[in-house]
Amino acid sequence: MTEKTITAQLEKVSSGHYILKGQLNFQTVPELWNDNKLSLFEDGNGSLDIDLSQLERSDSSGLAILVEWYREAQQRDKTITFLNLPTQMYDIAKVSGLNEILPLAKT
């Protein structure tokens with residue numbers, strides 16, 4: 001029996017609009033950050049929308065990358081919005097107070 005590879009992928013849909021797919025955990029988040037930091041924030045658009053509706057699963061490290069993306073966007077004078085946050089992630093954000101800080105939106 002082979003193990004299923006756990007992955008996370010940030011897919012560009014159009015300028016400034018991305019879909020996050022897969023699973024966010026302590027294994028996938030560092031690679032996701034390293035693979036996408038430059039391309040995400042060098043997008044010519046002044047605002048970024050990241051749709052999380054296709055996430056399969058996330059733990060607290062998933063919120064950590066959202067916080068890092070938010071901080072990086074602020075440093076680069078870009079606005080960033082996280083769309084369709086899964087209920088599990090929203091619950092963690094609410095308990096930690098991050099729902100008051102992060103730009104979360106429902107569509």
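Throughout this tour, a contact means heavy atoms within 4.5 Å. Helices (H or I, at least four residues) and strands (E, at least two) are DSSP runs, numbered from the N terminus. The model is predicted: local features need pLDDT of at least 70 and side-chain atom pairs count only at pLDDT 80 or more, while totals for chains, interfaces and linings use all residues. Residues are numbered from 1 along each chain as its sequence is written, and side-chain values use heavy atoms, with hydrogens and water left out.

**The whole chain**

Begin by displaying the protein chain as a cartoon. It contains 3 helices and 5 strands, which follow one another from the N terminus as β-β-α-β-α-β-α-β. The radius of gyration (taken over C-alpha atoms) is 13 Å, close to the 13 Å of the globule rule (2.2 Å times the number of residues to the power 0.38) for 107 residues, so the chain is as compact as a globular protein of that length. Along the principal axes, the C-alpha atoms fill a box of roughly 45 × 30 × 25 Å. Of the contacts between residues at least 6 apart in sequence, 67% join residues at least 24 apart. Buried residues account for 41% of the 107 residues; buried means under 20% relative accessible area, exposed over 50%, and partly exposed in between (1.4 Å probe, protein chains only).

The 5 strands form an open sheet in the order 1-2-3-4-5, with mixed pairing; two strands pair if DSSP finds at least two bridges between them. Strand 1 (8-14) and strand 5 (104-105) stand at the edges with a single partner strand each, so one side of each has no neighbour in the sheet. Strands of a sheet pair through backbone hydrogen bonds, either parallel or antiparallel.

Now select strand 2 (residues 17-24) and strand 3 (residues 47-58), which pair in the parallel sense over 7 bridges. Within this pairing, Lys21 has Gln54 of strand 3 as its bridge partner, and Gln23 has Arg57. Strand 3 also pairs in the parallel sense with strand 4, over 5 bridges; there, Leu48 stands opposite Ile80 in strand 4.

Remain on strand 4 and select Leu83. Leu83 counts as buried because its relative accessibility is 11%. The C-alpha atoms of Leu83 and Tyr18 are 9.9 Å apart, although 65 residues separate the two along the chain.

**The helices**

Which strands does helix 2 (residues 60-75) lie across? It lies across strand 1, strand 2, strand 3 and strand 4 (79-83), and runs at about 155 degrees to strand 4. The angle is taken between N-to-C directions, on a scale from 0 to 180 degrees, with axes fitted to C-alpha atoms (for helices, over the stretch in contact).

Then show the side chains of Val29, Leu32, Trp33, Asn36, Leu40 and Phe41, which are buried. The buried residues of helix 1 pack against strand 1, strand 2, strand 3 and helix 2.

Finally, select Thr28, in the loop between strand 2 and helix 1. Is Thr28 buried or exposed? Thr28 is buried, at a relative accessible area of 5%. Leaving aside residues up to four places away in sequence, Thr28 touches Ile6, Thr7, Ala8 and Gln23.
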